[in-house]
Amino acid sequence: MSIATDPNTRYGFIGIGQMGWGMAMNLRQKIPREAKMVICEISESRRNQFIQEVQSKGTVTVAGSPKEVAEQSDVVITMLPKGPHVRDVFTNKETGLLTATPGEAPIHFIDCSTIETATSVDVGKQVAQSGLGTFIDAPVSGGPNGANSGTLALMVGGSEEDWERAEPILHMMGKNIFHCGPSGAGLATKQINNYLSSVCTVGVCEAMNMGVKYGLDPKKLADVINVSSGRCYNSLDQNPVKGVTPGSASEKNFVGGFSVELCKGVLDMAVALGEQVGARLVLGDRVLAIYDKALKDERTRGRDSRSIYKFFADDDDIEL
């Protein structure tokens with residue numbers, strides 16, 4: 001019997017945000033109904049709404065601190081916005097996960113946050129030093145839609161043994177699960193993927209705008225691109241031109257989705273990673289300049305990262 005199918009396994013989930021909501025919902029639905037699950041979320045309204053909606057899938061209780069989560073769990077999943085949040089949740093001397101009283105069995109910590117590799121590796125070392133249990137980084141890709149549908153891609157960094165133990169748990173929240181290497185490798189893979197996605201977003205915006213200005217039907221242009229060599233996620237599933245992709249962020253005027261703020265944050269991490277390893281990034285500064293502008297512009301600030309299409313459609317002079 002794997003840890004995922006054992007009804008005695010207790011689960012903790014910290015961070016019921018835009019991504020954590022769907023992940024925690026899927027986890028509760030797919031673990032044995034009699035298995036226990038506890039959550040920790042700082043937003044009271046978000047926490048209460050989740051508890052109300054999840055009850056049909058199984059019982060979920062609320063903990064007042066990460067420490068309480070650890071003391072009630074065999075598996076703890078964290079999904080937090082930034083590195084300082086992860087560090088505090090694990091290492092806060094009063095409420096942190098690592099202040100929990102050790103139990104008879106190890107706790108298996110799975111951090112799905114997208115943070116700096118150095119922060120994650122350091123937290124993993126502190127988990128090992130605490131003797132409380134194991135730690136893997138397992139950042140995700142697929143956005144809120146993937147989180148809600150349980151079709152996320154998860155990229156794991158950690159030992160082979162810890163990866164094998166966690167894999168069936170991760171499959172309850174995602175579809176494509178990859179062991180990328182030792183601690184930090186999952187995050188490095190995630191950041192590299194997001195860098196490439198952002199480069200592709202800019203390319204798709206340029207190409208679609210070129211076609212629209214020529215007078216092409218954007219739907220037909222996208223149809224051709226998506227069966228040809230220009231095809232990518234942002235041309236097919238998240239085309240920035242309204243009316244091309246049903247359900248895309250452009251259909252909602254870019255409200256919600258993967259925000260320019262989150263996109264810029266991961267881009268910064270990816271560019272820093274490139275500098276750290278000595279990898280030349282010819283397009284890095286150009287893409288960062290566009291998202292720097294997006295953080296300040298009222299047309300894009302707080303909106304989905306594909307909203308940068310407005311810069312091209314409106315003939316903005318983007319300083320590079």
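A residue is called buried when its relative accessible area is under 20%, and the legends below apply this cut-off to close-up views of a predicted model.

**View 1. Thr119 in helix H5 of the predicted model.** Thr119 lies in helix H5, which covers residues 117-130. With a relative accessible area of 12%, Thr119 is buried, because the cut-off for that class is under 20%. When residues up to four places away in sequence are not counted, Thr119 touches Gly83 and Arg87.

**View 2. The packing of helix H8 against helix H9.** Two packed helices are described by the angle between their axes and the distance between the axes. For H8 (residues 185-214) and H9 (residues 218-225), the angle is about 135° and the axes are 9 Å apart, and the two helices are therefore oblique to each other. The crossing in which H8 passes H9 is right-handed. On the H8 side the contact is made by Ala207, Met208, Gly211 and Val212, which meet Pro218, Leu221, Ala222 and Ile225 of H9. Sorted by class, the residues of this contact of H8 with H9 are seven nonpolar and one polar, with no charged residues.

**View 3. The crossing of helix H8 with helix H12.** The axes of H8 and H12 come within 10 Å and cross at roughly 70°, an angle that falls in the range of 65 to 115 degrees, so H8 and H12 are roughly perpendicular to each other. Tyr195, Ser198, Val199, Thr201 and Val202 in H8 meet Gly284, Val287, Ile290 and Tyr291 in H12. In the contact of H8 with H12, six residues are nonpolar and three are polar, while no charged residues take part.

**View 4. Helix H11, its buried residues and its cover.** Helix H11 runs over residues 260-277, and at 1.5 Å a residue its 18 residues should span 26 Å, which agrees with the 26 Å between its end C-alpha atoms. The buried residues in H11 are Val260, Cys263, Lys264, Val266, Leu267, Met269, Ala270, Val271, Leu273 and Gly274. H8 and helix H12 (284-296) are included in what covers these buried residues of H11.

**View 5. Gly278 after helix H11.** The residue that follows H11 is Gly278, and its phi is positive, near 80°.

How values were computed. Residues are numbered from 1 along each chain as its sequence is written. This is a predicted model: local features need pLDDT of at least 70, side-chain atom pairs count only at pLDDT 80 or more; totals for chains, interfaces and linings use all residues. Side-chain values use heavy atoms; hydrogens and water are left out. Axes are lines fitted to C-alpha atoms, for helices over the stretch in contact, and angles run from 0 to 180 degrees between N-to-C directions. Helices (H or I, at least four residues) and strands (E, at least two) are DSSP runs, numbered from the N terminus. Angles under 35 degrees count as roughly parallel, over 145 as roughly antiparallel, 65 to 115 as roughly perpendicular and the rest as oblique. A crossing is left-handed if the near helix is turned anticlockwise from the far one by less than a right angle, and right-handed if clockwise. Contact means heavy atoms within 4.5 Å. Ala, Val, Leu, Ile, Met, Phe, Trp, Tyr, Cys and Pro count as nonpolar, Asp, Glu, Lys and Arg as charged, and the others, Gly among them, as polar. The expected span of a helix is 1.5 Å times one less than its number of residues. Buried means under 20% relative accessible area, exposed over 50%, partly exposed in between (1.4 Å probe, protein chains only).
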